[in-house]
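The tour moves from one selection to the next.

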Amino acid sequence: MSTNSSKTDSISVAVITGGHNFDVPGFQAIFRDMPQVDSFIQLEENWVADIGNVRDSYDVLLFYNMPRNVPDDRNRSVLERLGQNGQGIFLLHHAILAYDQWQFWSEIVGISDRSFGYDHEQELSVEVADPAHPITKDLKTWQMIDETYSMASAGQDSHLLLTTNHPKSMRVLGWTRQFRNSRVFCFQSGHDNLTYLDPNFRKTVLRGIQWCAGRI
């Protein structure tokens, strides 16, 4: 991780995808409109290969991936270094479901049983559990359309930020954790352009990146 950045420098973010289809233009537009964020959207295999030898220089690793089961040996050897050098870790939407048979990923997420169901295009009320946290500061309850997951929520070793009472959703939508030397932010929302365009969703993603990078 770069140690030469200041609070006015751009935040360098590897946006790591793979294992799940998504609306490419809509997703890329989230990051294109972010001030002071340099995002590099890439497949997980390219991040692992690291041809440019830049993998450790990113301030934040934002995962939007969903490979199933466990990683192969090559990916595993790289992923198991997560948290060692202090890079922020942001797990967005289906990334909390990635590697569902791998205990290591469950430890990052903070949910031991990640079995799930899902429902598309649900209208839910997003409630702020901690209005004093830098990610959720000044946010108010808002309505949003998104895919929901019915699954267990993060436990007592996570800090809860966003919740919902939707009957087809997990209770906790946003939470932070510490994993080794890294800040972790998990945000369940973000299925498609119905959500990508929501201003509170975008604000939460931006602030999540800033917090993971230690800028707020």
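Select Val15 and show its surroundings: leaving aside residues up to four places away in sequence, Val15 touches Phe27, Phe31, Ser39, Phe40, Ile41, Gln42 and Leu62, where a contact means heavy atoms within 4.5 Å. This is a predicted model, in which local features need pLDDT of at least 70, side-chain atom pairs count only at pLDDT 80 or more, and totals for chains, interfaces and linings use all residues. Residues are numbered from 1 along each chain as its sequence is written, and side-chain values use heavy atoms, with hydrogens and water left out.

Val15 belongs to strand 1; strands (E, at least two residues) and helices (H or I, at least four) are DSSP runs numbered from the N terminus. Is Val15 buried or exposed? Its relative accessible area is 0%, so Val15 is buried; buried means under 20%, exposed over 50% and partly exposed in between, with a 1.4 Å probe and protein chains only.

Next, select helix 1, residues 24–32. Its buried residues are Gly26, Phe27, Ala29, Ile30 and Phe31. Among the elements that cover them are strand 1 (11–18), strand 2 (37–43), strand 4 (88–92) and helix 6 (199–212). At the N-terminal end of helix 1, show Asp23 as a cap: one of its side-chain oxygens lies 3.0 Å from the backbone nitrogen of Gly26.

Move to Arg183, in strand 9 (residues 182–187). Arg183 counts as partly exposed because its relative accessibility is 30%. The C-alpha atom of Phe90 is 8.4 Å from that of Arg183, although 93 residues separate the two along the chain.

Finally, zoom out to the whole chain, with its 6 helices and 9 strands. Of its 216 residues, 54% count as buried. The C-alpha atoms fill a box of roughly 45 × 40 × 35 Å along the principal axes. Among contacts between residues at least 6 apart in sequence, 72% join residues at least 24 apart.

Notes:
A polar contact is a pair of N or O atoms within 3.5 Å; within protein, one must be able to donate a hydrogen and the other to accept it, and residues adjacent in sequence count only if both atoms are side-chain atoms.
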